[in-house]
Amino acid sequence: MKITPENENVKEWISVLTKLAEGKKGPWKRALELAAVPARRRASVNLYKLSKNTKEGDAVIVPGKVLSVGKLDHSISIAAMQFSKSALEKLKASKCSVKTIGEMSNINNVRIII
């Protein structure tokens, strides 16, 4: 029996990633594999990890939730399935652009952080 997600944001992510990964390799197929798992197995990424693994202007996909531990000292473009309220505040304070997965599909150099 196939279990389908109930969260509308997760449904959107999976449908967009399915279209992007169709016949392609690279980050879109891997992002789909990481997103299409039960919620308890999805990645949780703190801001300090984003700060450590990115540089100014990077485009990042988090197939899970972004949490607010740490700080981000540069601006990035980021799309995630979920954001904690305080993580969103800190990202906006760092002048990061929070995008949807559809908007990230137009960017060439996208990195996945898990």
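Helices (DSSP runs of H or I with at least four residues) and strands (DSSP runs of E with at least two) are numbered from the N terminus. By this scheme V10 is found in helix α1, residues 8–21. The structure is a predicted model, in which local features need pLDDT of at least 70 and side-chain atom pairs count only at pLDDT 80 or more, while totals for chains, interfaces and linings use all residues. Residues are numbered from 1 along each chain as its sequence is written, and side-chain values use heavy atoms, with hydrogens and water left out.

**The chain as a whole**

The chain holds 5 helices and 5 strands. Read from the N terminus on, these elements follow the order α-α-β-α-β-β-α-β-α-β. Along the principal axes, the C-alpha atoms fill a box of roughly 45 × 30 × 20 Å.

The radius of gyration is taken over C-alpha atoms, and the globule rule is 2.2 Å times the number of residues to the power 0.38. Because a compact globule of 114 residues would have a radius of gyration near 13 Å, the value of 14 Å for the chain agrees with the rule.

Contact means heavy atoms within 4.5 Å. Among contacts between residues at least 6 apart in sequence, 40% join residues at least 24 apart.

The accessible surface of the chain comes to about 7100 Å², and 50% of this surface belongs to carbon and sulfur atoms. Such areas come from the Shrake-Rupley method with a 1.4 Å probe; for residues, only the protein chains shown count as cover.

**Buried and exposed residues**

A residue is buried under 20% relative accessible area, exposed over 50%, and partly exposed in between (1.4 Å probe, protein chains only). Buried residues make up 40% of the 114 residues in the chain. The table lists individual examples.

| Residue | Relative accessible area | Class |
|---|---|---|
| V10 | 5% | buried |
| S94 | 16% | buried |
| S51 | 17% | buried |
| K55 | 59% | exposed |
| K95 | 70% | exposed |

V10 counts as buried because its relative accessibility is 5%. V10 and A36 are 26 residues apart in sequence, and their C-alpha atoms are 8.5 Å apart in space.

S51 lies in helix α3. Not counting residues up to four places away in sequence, S51 touches K71, L72, D73 and H74.

K55 lies in the loop between α3 (47–53) and β2 (59–67). With neighbours within four places in sequence left aside, K55 is in contact with H74, S75 and I76. K55 and I76 are 21 residues apart along the chain, and their C-alpha atoms are separated by 7.5 Å.

S94 is found in the loop between α4 (85–93) and β4 (97–98). Apart from neighbours within four places in sequence, the contacts of S94 are L72, H74 and S75. A polar contact is a pair of N or O atoms within 3.5 Å; within protein, one must be able to donate a hydrogen and the other to accept it, and residues adjacent in sequence count only if both atoms are side-chain atoms. A polar atom of the S94 side chain lies 2.7 Å from the backbone oxygen of L72.

K95 is also found in the loop between α4 and β4. K95 counts as exposed, since its relative accessibility is 70%. Although K95 is not a glycine, it has a positive phi of about 60 degrees. Most residues other than glycine have a negative phi.
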